[in-house]
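Visitor: I have a two-part request. Could you walk me through this structure, and state the cut-offs as we go?

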Amino acid sequence: MSARIAAIAFTVLAAILAGPVPSRGQGFSGLGADPGGFAPVVRGRALIFPADHGAHPEHRIEWWYLTANLKDASGNSYGVQWTLFRQAAMPGAQGEGWSTQQLWMGHAALTSATTHRFAEKFARGGVGQAGVETKPFSAFIDNWQMKALSPDPSALAPTELTASGKDFAYRLRLDSDRGVVLQGDAGYSVKSERGQASYYYSQPYLSVTGTIVLDGKTIEVTGQGWIDREWSSQPLASDQTGWDWFSLHLESGEKVMLFRLRHADGKDFYAGNWIGTDGKSELIAASAIAMTPLGTTQVAGRPIPTAWRIAIPSRGLSVESQPLNPQSWMDTRFQYWEGPVTVKGTQNGIGYLEMTGY
Amino acid sequence: MTALWIMRVLLSHWMRHRMQLATLLIGLMSATALWSGVQAINQQARTSYDRAASAFGGGNTAMLLPGDDVTVPQSLFATLRRAGWLVSPVLEGRVRIGERSVRLIGIEPLSLPRDAGPAPGLSDAKLLQGFLSPGGQTLIAPRTAADFGWRADQVLTTESGERLPPLQLAPDLLPDLLVADIGFAQTILRQPDRISRFLIDPAPGGERLPLAQVAGSQLRLVEAGSESDLQRLTASFHLNLTAFGLLSFLVGLFIVHSAIGLAFEQRLPMLRTLRACGVSASRLVSVLLAELVMLALIAGVAGLACGYLIASALLPDVAASLRGLYGAAVPGQLVIQPQWWIAGLAMCVAGSLVAAAGALVRVLRLPLLVSAQPYAWQLSQRRWLIGQALLATAILIAALAAFRFGTSLLTAFAVLAGALLGAALLLPVLLNVMLRTGEAMSRGPVALWAWADSRQQLSGLSLALMALLLALAVNVGVGTMVGSFSKTFLRWLDGRLAADIYLVVPDPNRAAGIEAWLRQRPDIDAVLPAARADVRIGGEPVELFGLADHATYRDLWPLLEARANVWDGVRDGRSVLVSEQLGRRLGIKLGDRVRLPTPSGDWIAEVGGLYADYGNPKGQITVNTDQLLQRFVAAGRTRFGLRVKSGAIPEVMRELESTFGLGRRDLADQATVKAESQRIFNRTFAVTSVLNAFTLGVAGVALFTSLLTLGQSRLPQLAPLWALGVTRRRLAVLELCKTMLLALMTALLALPLGIGVAWCLIEVVNVKAFGWRLPLEIFPGELARLLLVAMAAALVATLLPMLKLGRMRPVALLKVFADER
C-alpha cells in the first residue's frame, strides 16, 4: 500500500490541510529524498511493538488502513475499507491543543456488487477529536474507531472496528491467530529507484465477523481482512503519476502484496511481497512482476483499468482479477478507485485493488 | 374604445379641480410614505440582524448552547464528536483595540458547517492553508478595515496586550467582525479551553448518542430557524414602529376617503349623465376602478420615494437607538429590496380601494332617473349613529377582553388599537349628544339653526374629526409616556450613578496598582470595586454585577422593592438583587431563591430586592463584589467607582489620565456618563417624536380636505339662509365657529383618551415589551400646548374654505336654487 504515501497524503493533506509543505518533487535533485526536516526513513531500523502501532509525529505522513472481503449468509459479497491518515503540517515541535500541526483524515467505504458507499472526515490533532493511542491500541476520528479488545498491547487483534456514513454503517470484529508481517525489506519499503521509502508492516491474517448496515438493513457478514500500517517523510517523485496496488488472499492461505508506481516516461516501478502461511514475508523482484490491464471501465467520466492480468512466474502465479463492483469510486476530496476484487487462474483468491492518478 | 372616452370624461373633473386632485394624491402619498418608510427601516434592521446572526451560529444553523454557563469546557468538543455529533466549536467575545470594541469570533474551519458563515473551508485549499498556518490570520471585511484605518497584514494588539494574527481581508465577511482560528481566539479572549457554542453540521451523518447522555445538562439544543436573542429583544421595538406606521397609514386613508367622497359628490351629475348616455353601471364602475388604481399607482410611487427619504432621514437615529438599547449594529446606509417597492404599491392600491369602496358601491346602485332628493339626513344619520355606537361598544368590549386575558405584546397592541378605534367610532355619537344639549339650551333661530346644522355636518366631518381624535390621542399618549419615562429615568439615573468617577482597567494587575494609588489619596472618600460576569439562567443570558458594600449604595441605589436589611444579606452573599425585567421574565419575586451557576458550583441566594434597570436588554442580578470575585475568579477586580471630595473630580481625572495613561473609554466622570445615557435615551424617542409629528400633520390634512368637501356640498344648506338675509360674512363666521367648536370638543375628548393611551403604553405595552413599569406622570403644560396646536391646525384647515364662502359671488348661491341637483 506504499504508493499511498505520496499521493493521498501529499495531494490531499498537504494541499488542503497543511501549512508550508515543500511542493511535490522538491528535494529530489540529489540521491535520496529530502525529508524536509522530518525524521528520515532509514534501512535497517527495527520496528518495535506496540510502540510502532502508534503515531509517529516526527514523520510527515502515516496511516492505519483496513480492507476486508466479506460475505453474507446468502453468499453475497461485500468489501469494507477503513482508513485513518495522519499528517504533520510542519516539522519540529508539534505544539499542543489547537496549535498542534497534526492533521487527520478518515475514509470509510462499503462496497457491494451494485453499490459503493463512502464517507470522509477531517480533524485537527491535539483536542481529542482524532488520534491513535497504544496500550491498548485505539485509532479514531470522531465516532469511527479501530479499537483493540485484547489486553496484550502489542496485538493488533482482536479488534473492534466501527464507521458510519449517511447511507451505510458497519461494526466488525477482527481476529487473528498470527502476528504482524513486515513488508519490503524487514519493514523498509522502497518506493522509487531514487530512494524514496517508507516503514511498512501489515496484519493480513484477519478473520472478520460482524454486521454491515446498508439501506437500513442490518446484514451479518464474515470474511477476511488486512491491516496496513505505513509511515514516511518523503514525497513521491515528481514524475510518478499514480499507482495500482493489490492485496490478495489466495486460497492456499498465502498472501500477496503488489504495486506498480507509474512513471510519466513509461518506466514503471514494481514491487511486492509474497507472504507464506507461516508469516514469512519475502520481497518479490521487480523483474518478476507482470501487471497488465485487461480493459477499462468508464468511471466518473474517465477510463479506469478495473480488470487485470497478474503474473509472478517465479511463484507460478498467473491470475486474472475482476472487480466486485467496477464503480468503486471514492468521490472524496482526493479521488481514487478502491474496491474488492476476485482473482482466478493458477490460484483463486480475493483481495483489494487501489488505483490512483487516473 | 368607449372605456377610453369615459375615462377622459372622468379625468376632466380633475383638470377643473386641481386642488382636489392634489389632496387625493397627498393623502395617498403621505399614507404610503409613512407606512413604507417605517417598513424600510424595519426591513433594514431585520436584514442586519439576520446577517449578524448568520455569522457562525444563528438563524440558519442548529446549535448547542451552554445550559447554565456562558461557555463550556472544550473537552465537550471531542466527547460530542466521538459520540457522533457533527459539531464545530465557536468562541465569541469582544476585544478592545485602541478606542474600539470589536466582536471576535474564533472558529474551527475543518469542522465548520459549509453554510455557517464566510470562512475558509475545505473547498478552498489555499485560503485554509493560510488560516491554519502557525502564524494564523485574522479575517476582516475590507470595508471594516478601511473604516478602522487598518490594512492587510497589520498585526493588532488588544488593550490587554494580546497580539492578533495578521489581518487578512475577506470580502464576504460581515462588518465590525474579526474572525480567527479558535486556538488564537481562546488566547486573545483569555478563555483557554472554553467554547461559546457548537454549530451542528446539517449534513446527514451516522447515528449519534442522545445529547443528555453525552453532555448531561451542560448543553441545550437550539434548532435552526430559532429566533436569535437580538431578534427577540428588538421585536418590541419594531412592533412599536410598525404600529406607528400603520396608524399613519390609516390616518392617510381618512384623507383619501374624504377626497374620493368629495370627487364622487361633485361628479354625481356627470356620472348620472354618463349612465343616461347608455354606459352600464358595471362599465362605469370598472372605469372608475381603473382611474383609481392609476391614481394610486402614481401617488404610490411618489409616496415610496418620500418613504425612502423619510427612512433615510430616520435611519441614523433608529440605528443609534438600536445600538444603544440592544447593541445591534444596523448600517446607517439604507438598502432597499425590490419586494419593498411591490409591497408598498400593493398597500397603496389596496388602501385606496378600501377607502373608495363605499363610493363605488353607490355608483353601482345609482338611481338613473330619480333626481336628487333632499337628503333625509336626520333619519339616515340616526341609524348611522346607532350603528356606529353599537360597533364602538363591541370593539371596546373586545379590547377589554384582550386586556383582561391577553399576555403577549401583540394583544397589548390589540388593546390599544381597540381602545382607539372604539373611541373614534364613539366620537360622533358623543358629539351628537353634546350638540343636542347645546341646541336645547339655545334661543333664537340662527343659534338653533347653527346647532342643528352642526349636527347635520357631523356625518360629513366625522371621519376627519375621528382622524384628528386619533392623532391627538396618540400624541398625548406617546408624549405622556415619553415624559413619564424621561422623568423616572433621570431620577433613577441620579441614584444609579452614585459614584463620582467610573474607572475600568482591563488588566487586573494594573488595576491593583491603580487601586492602591487611589486608596492613599486624601481627596478620595471611597474606592468602590465593582465586577461583572455572565451566566445563563433558564436559558436567558444574565449579567451578574458586583457592588461594593458601602453607604453610597445603601443610601442611594434605587430599589423598587426590598426586604429589611437587604444590604447586609447582599454583603454576606445570602441575598441578591434582581432587575425588574429579569424578575418579570423569569417570574422571580421578592423572597424567592435563585440558583446562580458559577465556576465553583451553584450559588443559591434569596432575592432580597428588585430594582429598575431601564434600557438594559439583558437581565441583571446585582451581588456583592467580593462574593462575586470569590466565585468567578477569572472576572477580575477591574472596575471601580470612586467617591471624590467635592471639587476634586477634575484633578483626580487629570492625574489618573496622566499617571496611568487611561483614555476616555476607561475613565468617565458622573456627568459624562449621565449625559451619554440621556443622549441615548433621547435618540431612542427621537423617532417616536418625528412619527408623532407626522401623524398630527396628516390628521390636519385630513381635516382640511374634509372641510373642503363639506364646503362644496353644503351650499344647498347655506343658500336659503343667505336668501333669508344672513350675510356671507356672518355665514362664514358662523361656519368657522361651528367647525372650531367641533374641533375643540374633539380635542377635549382626545385628552382623556390620550391619557388612557399613555396608561396602556406604560402599564401594558412597556411591561410586555421591555419588562419595566413606570409611574404615570401627567404634564398639564404639555396637554395645553397640544390643545393649542390642534386648534391652530383646525383653524388653518377651516380658514380657506371659509374665506371662499365669505367671498362667494351671490350668483353662485343663487344658482343653488336654479340647478338643485
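Guide: Two residues are in contact if their C-beta atoms, placed from the backbone, lie within 7 Å. In chain A, residues 24 or more positions apart account for 58% of the contacts with a separation of 6 or more. The model is predicted: local features need pLDDT of at least 70, side-chain atom pairs count only at pLDDT 80 or more, and totals for chains, interfaces and linings use all residues. Residues are numbered from 1 along each chain as its sequence is written, and chains are lettered from A and ligands numbered from 1 in the order in which they are written.

Visitor: How many helices and strands does chain A have?

Guide: Chain A has one helix and 23 strands. Helices (H or I, at least four residues) and strands (E, at least two) are DSSP runs, numbered from the N terminus.

Visitor: And what percentage of chain A counts as buried?

Guide: The figure is 54% of its 358 residues. A residue is buried if 20 or more other C-beta atoms lie within 10 Å of its own, exposed if 12 or fewer, and partly exposed in between, with C-beta atoms placed from the backbone.

Visitor: Where are the cis peptide bonds in chain A?

Guide: One joins Phe49(A) and Pro50(A), with omega about 10°; Pro50(A) lies in the loop between helix H1 (4-17) and strand S1 (61-72). Another joins Ala157(A) and Pro158(A), with omega about 0°, and Pro158(A) sits in the loop between strand S7 (144-148) and strand S8 (159-165).

Visitor: What is the phi of Lys135(A)?

Guide: Lys135(A) is not a glycine, yet its phi is positive, about 55°. Its place is the loop between strand S5 (130-133) and strand S6 (138-141) of chain A. Lys135(A) counts as partly exposed because it has 14 C-beta neighbours inside 10 Å.

Visitor: Changing topic: how many residues of chain B are in contact with chain A?

Guide: 23 residues of chain B are in contact with 23 residues of chain A. On the chain B side, helix H3 (75-82), helix H4 (125-132) and helix H6 (182-188) each supply at least two residues. The largest share of that side, five residues, comes from H3(B).

Visitor: Where does helix H10 of chain B bend?

Guide: H10(B) bends by about 50° at Ala357(B), the bend being the angle between axes fitted to the seven residues ending there and the seven starting there. Among the buried residues of H10(B) are Gly344(B), Met347(B) and Val363(B).
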